[in-house]
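Me: Could you walk me through how to read a ligand site and a domain interface? I would like the general idea each time, then the case at hand.

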Amino acid sequence: MEELNPFEIARKQLDDCAKILNLSDDVREILRNPMRELHVSIPVRMDDGSTKVFKGFRVQYNDAKGPMKGGIRFHPEETIDTVRALAAWMTWKCSLLDLPLGGGKGGVICNPKELSENELERLSRGYIDKIWQFIGPNKDVPAPDVYTTPQMMAWMMDEFSKLTGSNEFGCITGKPVCIGGSCGRDDATARGGIYTIREAAKELGIDLSKATVAIQGYGNAGCNAAFLCRDLFGSKVVAISDSKGGIYNKDGLDLELACRVKSDTRTVTNSPRDTTQKISNEELVELDVDILITAALENVITKENAPNVKAKIIAELANGPTTPEADEILYKNGVHVIPDFLCNAGGVTVSYFEMVQNIDRYCWDVEDVYKRLDDRMTQAYHTVLNASKTYNLNMRQAAYVVAVNRVVEAMQLRGWIKMN
Ligand code: NAD
């Protein structure tokens, strides 16, 4: 049976990298485990007067290279192993982008769609009440992720500021711009991914103005990626989806209309049938397109469907969309995978810019943010591509080698480990 537990997958990827880098067992053991985990119970007063207790987590994986950084998910199927995997991937991601940060991640088991605005505010504040001693600008800086928003980040920052007695804008990123957020953070994840797609297309000789694109997940990352593919490259976005299913039009979808339908009815599948055809998420992955962007959840490309993937480039905006067995199949079939912790690193990169601006109490304009993001993403992409060519590795293995090597070097310089 193929392993689908995200943390076991993250560990397997790390083990493979440890072999390539010839790391000792004790170094590998440090890297296989989070440094600290918080498991909290959050009582929330509901609108009907009852009190409900929600379970939350914060995993602080490794801070050898600096304060930990990582988003918070509000999701009904959140598990500690998902949060551990995401925290590990954040560690490698920050390292790969050469940010002075470590990796962490948080999650709360809840269904935000079933909570009122007031309940979401109390839950956001309640989560911070339980973890505030362990986070902060020099310790661990959370951010938004699946089903969490800039408004929630604002409530969380406010709660942390009240508890510490000072305006701590730098304790959290992804805030609205007028209270210390960065210009360009809203579409940073998608935009960063788009820059790596541009570089990959150059490498493979694909003309993006003629390319077709399918996108799984039409949320923050996926929706922004759709518009950027169309508006920056002139590519045709032929399929998009969300948790209820997808829509397809071989001549290109009306993205504005899909946004309106999604915001009115919570799913793109209610789009008018005269211009779109309904497809499943499974069908979307196997569509005959040039670029497949995964922007939903984990384990959507497995050994079952990997042989049927026809895209030339897979851009992993989502974390952990491809299983290790699927990876091998895709590599053999010549599919160019831009691995998650490279492809979706635009979000944390602009979050890092937000931290820097908060420290300076200064605001960069949006063009400045885009330029700095482009430079970092382009450099990271080519570092990975070169490592993949030099050592004959697939793009994910190459990204691991670069990222893990830097974390090991930091641990060594700090005296945490001795290398032979
Ligand atoms: P989001 O909540 O804005 O959107 C998620 C989308 O995925 C929604 O449209 C939802 O309907 C859809 N979805 C949920 N379950 C699905 C399923 N089973 N099949 C198909 N679609 C499904 O979240 P987001 O911020 O866009 O994050 C999406 C992915 O990108 C996640 O893996 C996240 O970890 C990753 N990511 C996001 C950021 C960021 O800054 N937003 C940064 C790095 C990585």
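Reply: Happy to; we will take the domains, then their interface, then the ligand. This is a predicted model, in which local features need pLDDT of at least 70, side-chain atom pairs count only at pLDDT 80 or more, and totals for chains, interfaces and linings use all residues. Residues are numbered from 1 along each chain as its sequence is written, and side-chain values use heavy atoms, with hydrogens and water left out.

Me: Into which domains is the protein chain divided?

Reply: Domain bounds come from an automatic or database domain assignment. Here the chain is divided into domain 1 (36-179) and domain 2 (188-343). Their C-alpha centres lie 27 Å apart. Counting heavy atoms within 4.5 Å as contact, 13 residues from domain 1 and nine residues from domain 2 take part.

Me: How should I read the area buried between domain 1 and domain 2?

Reply: Buried area is the accessible area (1.4 Å probe) that two parts lose on being put together, summed over both. For this pair it is about 970 Å², with carbon and sulfur atoms giving 59%. On the domain 1 side, Trp 89, Lys 93 and Lys 113 lose the most area to domain 2, together 47% of what that side buries.

Me: How many salt bridges cross the interface of domain 1 and domain 2?

Reply: A salt bridge is a side-chain nitrogen of Lys or Arg within 4 Å of a carboxyl oxygen of Asp or Glu. The rule finds one across this interface.

Me: Where does the ligand lie relative to domain 1 and domain 2?

Reply: Both domains give residues to the shell around the ligand, so the ligand lies between them. A residue is near a molecule if one of its heavy atoms lies within 4 Å of it. Of the 24 residues around the ligand, those that come nearest include Thr 189 and Asn 220.
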